[in-house]
Amino acid sequence: MTVTANHSADEVSASPETGAAPARPVAASARRFGLHLIGYALLVAVWSLCSLVLFTEYVLPAPWTVGAEMWHLASDGTAFVQFGASIVKIALGFAIGTVFGVPLGLLMGRVKYWKYFWQQPLLVLGNVPGLAFAVFALILFGIGAVGPVVVVAFVALPYVALNVAQGVEEVDRRLVDMSTVYGLGRGDVLKSVFLPSVMPFLFAALRYGFAMAWKVEALTEVFGGRNGIGFMIRQSFQEFSISGVLAWTGFFVIFILLIERVFLAQLEQRFFAWRGGR
């Protein structure tokens with residue numbers, strides 16, 4: 001009886017600890033979310049203080065004024081139409097850069113000669129300022145949709161090619177030799193050995209390349225676009241609507257956060273679930 005009672009008491013006393021363990025990740029997530037909210041609230045507070053004390057409403061509109069402008073642009077559909085135009089150009093340009101960047105990266109990773117031949121030009125291309133891309137696109141292609149698409153392709157190309165080349169170089173050569181010994185074809189080796197090694201590097205290139213391409217594409221639209229987020233920023237500036245400029249900038253930030261924190265993060269978790277959270 002004593003043993004049974006003690007055993008039961010141990011089970012009762014251990015049960016809260018067992019139930020408390022899964023609550024720790026939830027508490028950590030809630031804490032991070034709270035810190036994010038505090039950071040955004042502090043940013044809005046500083047913005048409001050600067051608008052009311054240091055500047056005038058015309059020079060720096062208050063957050064509630066910009067929020068009202070964003071609501072107006074979203075309610076009449078203008079925001080969705082202009083973002084759709086920018087997204088189409090980004091997707092097309094990024095697809096072109098990826099189509100050329102992946103084979104080039106595979107070639108650079110497999111053949112040292114091509115790595116030495118292409119590495120420096122790609123590094124130079126990746127460090128060209130976005131402003132220079134925007135100006136050259138306006139000079140070469142004029143006002144229209146071609147310039148932003150080409151600029152995005154050139155921005156994405158070095159990110160994709162260099163990261164894919166690094167992923168190929170990280171492949172364990174012993175696995176390749178073992179696959180050859182067991183009679184696997186070139187396609188099977190590519191799918192079973194190279195692809196799992198390259199995918200993390202390719203995904204990193206897509207994330208950072210997309211963030212950079214989006215900013216450069218918007219800058220190109222400011223100079224030579226007929227529609228899109230950058231074009232609307234320029235139009236608001238020409239109309240002396242500072243609230244409009246800040247509203248479109250706010251849409252830009254929100255969209256980047258949604259793409260980065262929701263879409264790409266979920267996609268990464270699904271693609272690399274086999275790594276067990278590493």
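Which residues do ring pairs link into a cluster? I found Phe83, Trp214, Trp248, Phe251, Phe252 and Phe255 joined in this way. A reminder to myself: this is a predicted model.

**Aromatic pairs.** I searched the whole structure and got 11 aromatic pairs. One that I looked up is Phe83 with Phe251, an edge-to-face pair at 6.1 Å centre to centre, with 80 degrees between the planes. I noted that this pair ties together distant parts of the chain: Phe83 sits in helix H4 (residues 78-110) and Phe251 in helix H11 (residues 242-271), 168 residues apart. Next I checked accessibility. Phe83 has a relative accessible area of 9%, so I put it down as buried. Phe251 is buried as well, at 13%.

I then turned to Tyr113 and Trp114, which also form an edge-to-face pair, with 5.1 Å centre to centre and 75 degrees between the planes. Tyr113 is exposed, with a relative accessible area of 53%. Trp114 comes out at 31%, so I logged it as partly exposed.

**Helix packing.** I looked at H6 (residues 130-141) against H7 (residues 146-169) and read an angle of about 135 degrees, with the axes 9 Å apart. That angle is why I call H6 oblique to H7. The crossing is right-handed. Which residues meet there? From H6 I listed Phe133, Ala137 and Phe141; from H7, Val146, Gly147, Val150, Val151, Phe154 and Val155.

Notes
Residues numbered from 1 in each chain as written. Predicted model: local features only at pLDDT ≥ 70, side-chain atom pairs only at ≥ 80, totals over all residues. Heavy atoms only, no water. Axes fitted to C-alpha atoms, helices over the stretch in contact; angles between N-to-C directions. Helix = DSSP H or I, 4+ residues; strand = E, 2+ residues; numbered from the N terminus. Parallel < 35°, antiparallel > 145°, perpendicular 65-115°, else oblique. Left-handed = near helix turned anticlockwise from the far one by under 90°. Contact = heavy atoms within 4.5 Å. Phe/Tyr/Trp six-rings, centres within 6.5 Å; stacked < 30°, edge-to-face > 60°. Buried < 20%, exposed > 50% of the residue type's maximum accessible area, 1.4 Å probe, protein only.
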